[in-house]
Every structure is written in structure tokens, then in C-alpha cells.
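Here is a friendly tour of some packing and charge pairing. Please keep the sequence and the structure open as you read.

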Number of protein chains: 2
Amino acid sequence: MIYNSVDCVIFGFIDEKLKVLLIKRKNDPQKGLMALPGDFLDADVSIYNSAENTLKKITSLEDIYLEQIRAFGEIDRYPDKRVITISYYALINIEHYTPQAGYTAEKLEWCDIDALPELAFDHKDIINIAHKRLKRRVRNEPIGFNLLPEEFSLTNLQQLYEAILQTELNKRNFRTKINQMKLLIDTGKKQENVAHKPAKLYRFDENIYENLKEDGFYFNL
Amino acid sequence: MIYNSVDCVIFGFIDEKLKVLLIKRKNDPQKGLMALPGDFLDADVSIYNSAENTLKKITSLEDIYLEQIRAFGEIDRYPDKRVITISYYALINIEHYTPQAGYTAEKLEWCDIDALPELAFDHKDIINIAHKRLKRRVRNEPIGFNLLPEEFSLTNLQQLYEAILQTELNKRNFRTKINQMKLLIDTGKKQENVAHKPAKLYRFDENIYENLKEDGFYFNL
DNA sequence: CCAAAAGTGTTGTTGATACACCCATGT
DNA sequence: ACATGGGTGTATCAACAACACTTTTGG
């Protein structure tokens, strides 16, 4: 007998750092350990919908960026039973986030991507592979915006990319590239109550992106 | 009840074209249609090993480049039963290939990637996604060599890339880039019995690649 | 000696990188 | 007035694209 589960790597951008939302397991196996939120799969739910359901249960969010990573199917990855898990990663805007511990989790916690605690099963591998995928994706598609508030400064955006890619980027060149793409809309607003020149705030416009994509657009950082 | 299967998209490079190896289904459902080779998953076999087994049964090949694409889990992708399939793609060198129709297939056939016949289930989607993945991978890692004979000319290599990427490449620039990478070893041999200047034959050296990779190597076409 | 494909030299353009400077705001 | 981070101008250099040319073989 083979069981299927769906696990979610939920990324958030908090305090200029890339974080993953983890649960503390309430039940055995691996009770007490931190783990990815997830569920066993029902026969009448598609895997994508199952990931959406998990996400909604945990964060109360819908219509979130969600992409499958892959299936993890080593024989002994789960004790006693044969469980193949299909994992997804999600990008959420923490402005909209409402935490919800729920029935499988004792508590929820945002963990720094490069300071993960001990994790249940093969969940650390899954997170690492999710992070690799995110690094690649973020270079070719402007999905990073899903992690930011609706209005953000160019510095916010640069810090996000630095956190994801784990490198430092040159300010001048980063801004030139972003401007060339013409993806951002100036909201006309500025930061307030900051002890320096206030930054302009921008919005990402999905429509502009869709139009650009038709001409064979390539988001290159 | 949920069933799991593993399907393989087997790529080959024949007559300057990228091909996929398909079977003609011997049994219902979808008897008579062309489909990807694959099997139901046993509870005591890892998904990777299951893909390897399918590959061996069909092609008699072992130690082949094999990478998971992802799981396909729509509710109605398979008639009557709920079957989630996990698909892999493989790159084989047709020099070494021994066809083997076996028990699920009436016959085997290499089909041109851009002239696929009608296919069973969602297998056309799977092939398209496999091809997209191959296009991306081939730009960042020198996996293309798995599709070529051990000794090949630069023109062979260029034609392979053109077939995979479905574009034309400039001869001069292609060769310059390949040379810059210093991945190829000159075998000292040349083509024979050709009515033009014979091309030099090269080998790809895995060791050189492994060394380069440590310095953060990037195969950029 | 001709056809065919292998293989090379060169040049203008584009884009990445680096560095230094000015600007607006709160304290 | 000054500390702080926002925002811009520009020179240099490496990478890319494009084109035309020479070379070696079989017939």
C-alpha cells in the first residue's frame, strides 16, 4: 500500500530575510519536530488543489503563487508506511498573512532559510530543493513580487533579490536593469517618517508583464 | 484508493532530429494508442528505481541520464481509477540502444518531437513539459552530450542544440563558445569517406566538467 | 577543378561592472 | 549642520552577433 501526501514550502520575506513557514508537529510520527505543513491526499482532490487547501488552512490565503517542486519517493523517507510526498512551494505577502495553527500543528514559526532547525522526515532536502528552484525562477520570471507588499521601494526589491540569491548586488546596476524592464508603476507616493531622502514607492503591474511576455520577454538579473 | 505510476520520456537524437520513444499500448485502457513507457509503482521500489527499471526493460540500458519532471495528478487524467503519475525524462545515446517491445507494448517507435501522434491520457502534456525542461537544462549543464555518440563533430553538436532548442545557431559563435568552455577533448581522429573537408572528432570529458563546476561554472549558449 | 562542408579572422554593437557624486529628509 | 540612505552620470571592458573568407576532402 502506497500513501500520497502533499507538502508546502511557504516562503515569506521578513526583516530583509527569506523565511520558511514551519509547523511543530502535534502528533506522531516525529511528534514535536518542526516540519513542512501538509496533508495526506484524498482520492477525489487534485494534487494542486490539495496544496491550495493546505495553504488556506495554515495562512487563510487564497490565489497564491504556487508551483510544484516534485515528488519525493525514497522507500524509507517516512517511518512504517510508504508515503510518497508531492511538494509545492508558495510565495506569500506577509502583509496579508493570518496565522492559523490548526489541528496538525502545535504552533507555526517563520524560520530563516539559512538557519533551519532539525526537521522531520526529508523535509530539509525538500526545502533546499525548493530554494534552488526559487533561485532559478526568480531570474527568469518576475515572481519575486509575490513576496513583497503591494507598494515597495527599489531598495526593498533589491534586498529581496539579495536574500533569495544569497549574493550582494550593485545598487546602480540593479536599478538600471529594473528600469529597462519597465515593469514597475510609480505610485507617486513616498516613504514617510524616515531620516533620509524618502524612497519612491512602486507597484508591479501584472498586465504590463503579460504584454511583455508575448514579445518573448526575459527577466535577467 | 490512489494508484501511483511512473512514466518515462525517453529522448534520442536521430537523423538530426530530437525524438521521443513511444510504445503502442497492448491493453486497455486506451489500447492501441501511442503512449509513454511506464509502469505502476510497487510499494517496495523507490520512484527513481522504478523509472530505471522501465528504462532497462524498454531499452536494455543502465546508468542513463534520468531526471524527474514532476507528478501529474489531475483527478480525471486516467479513466476509472485515480492514478497519479510521476514522470521522468531520460537521454540516451542511440548507438547503444537495443529495442525491446515487452509485455505492455505492441511495438516501439521513435517519434519526432514536433510531429507527435495522438497520445493516451495526458502524455502529450507530459512530453511538452519534459521538452521545456530539457531546453532549460541544456543551457546550463552540458547534458546534451548524453544524446550523442562518444565521438562527434562540432557540427553534430550544433545540430543537436538546434534540434533541442528549435532555433538556428550561428556556426562561428557556437564554436567560439564551445571552445571557450574547454570541455571537449580532441580525439585526433577525423571523419572518413566524406566528400568535403573531414571534421575533427571530439569526446566530452566528465572529469573536466566536474572540475569546472567547482569553480561555479555556467554553460551558457 | 568543382562541390560541399569544415573551420577561422575581424569588426561594430551591446550590455555588465565599477566608481563617484548629488539629493532630500529627520534630528 | 550632519548623518542616513535614496537616486543618477559616465567610463571601461568583456561578451555577442554578423559577415566573409580560407581549407581540405571526394568525385
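Is Asp112(B) buried or exposed? In this predicted model, Asp112(B) has a relative accessibility of 14%, so it counts as buried, the cut-off being under 20%.

The side chain of Asp112(B) meets that of Lys17(B) in a salt bridge, with 3.7 Å from N to O. This pair links distant parts of the chain: Lys17(B) sits in strand E2 (residues 17–25) of chain B and Asp112(B) in strand E7 (residues 105–112) of chain B, 95 residues apart. While Asp112(B) is buried at 14% relative accessibility, Lys17(B) is partly exposed, with a relative accessible area of 43%.

## Strands E8 and E9 in both chains

Another salt bridge can be found in chain B, where Lys200(B) pairs with Asp186(B) and the closest N and O atoms are 3.6 Å apart. Lys200(B) belongs to strand E9 (residues 200–204) of chain B and Asp186(B) to strand E8 (residues 184–190) of chain B, so the pair links parts of the chain that are 14 residues apart. Lys200(B) is partly exposed, with a relative accessible area of 42%, and Asp186(B) also counts as partly exposed, at 38% relative accessibility. Salt bridges that share partners also join Lys17(A), Lys19(A) and Asp112(A) into one network.

Turning to chain A, Asp186(A) forms a salt bridge with Lys200(A), and here the closest N and O atoms are 3.6 Å apart. Because Asp186(A) lies in strand E8 (residues 184–190) of chain A and Lys200(A) in strand E9 (residues 200–204) of chain A, this pair ties together parts that are 14 residues apart in sequence. Asp186(A) is partly exposed at 38% relative accessibility, and Lys200(A) is partly exposed with a relative accessible area of 43%. Over all chains, the count comes to 20 salt bridges.

## The nonpolar core

The largest nonpolar core has 62 residues, and the members that touch the most others are Ile10(A), Ile47(A), Ile10(B) and Ile47(B).

What does Ile10(A) touch, not counting residues up to four places away in sequence? Its contacts are Lys19(A), Val20(A), Leu21(A), Pro37(A), Leu55(A), Ile58(A), Thr59(A), Ala90(A), Ile92(A) and Trp110(A). One of these, Lys19(A), also belongs to the salt-bridge network with Lys17(A) and Asp112(A).

## Two helix pairs

In chain B, the axes of helix H2 (residues 123–140) and helix H3 (residues 154–165) come within 9 Å and cross at roughly 140 degrees. H2(B) and H3(B) are therefore oblique to each other. From H2(B), the residues in the contact are His131(B), Leu134(B), Lys135(B), Val138(B) and Arg139(B), and they meet Tyr161(B), Ile164(B) and Leu165(B) in H3(B). By class, this contact has five nonpolar, one polar and two charged residues.

In chain A, take a look at helix H3 (residues 154–165) and helix H4 (residues 171–181), whose axes come within 11 Å and cross at roughly 105 degrees. H3(A) and H4(A) are therefore roughly perpendicular to each other. H3(A) brings Leu154(A), Thr155(A), Leu157(A), Gln158(A) and Tyr161(A) to the contact, and H4(A) brings Lys171(A), Phe174(A), Arg175(A) and Ile178(A). The contact of H3(A) with H4(A) has five nonpolar, two polar and two charged residues.

Conventions
Residues are numbered from 1 along each chain as its sequence is written. Chains are lettered from A and ligands numbered from 1 in the order in which they are written. This is a predicted model: local features need pLDDT of at least 70, side-chain atom pairs count only at pLDDT 80 or more; totals for chains, interfaces and linings use all residues. Side-chain values use heavy atoms; hydrogens and water are left out. A nonpolar core is a set of buried Ala, Val, Leu, Ile, Met, Phe, Trp, Tyr and Cys residues joined through side-chain atoms within 4.5 Å. Buried means under 20% relative accessible area, exposed over 50%, partly exposed in between (1.4 Å probe, protein chains only). Contact means heavy atoms within 4.5 Å. Axes are lines fitted to C-alpha atoms, for helices over the stretch in contact, and angles run from 0 to 180 degrees between N-to-C directions. Helices (H or I, at least four residues) and strands (E, at least two) are DSSP runs, numbered from the N terminus. Angles under 35 degrees count as roughly parallel, over 145 as roughly antiparallel, 65 to 115 as roughly perpendicular and the rest as oblique. Ala, Val, Leu, Ile, Met, Phe, Trp, Tyr, Cys and Pro count as nonpolar, Asp, Glu, Lys and Arg as charged, and the others, Gly among them, as polar. A salt bridge is a side-chain nitrogen of Lys or Arg within 4 Å of a carboxyl oxygen of Asp or Glu.
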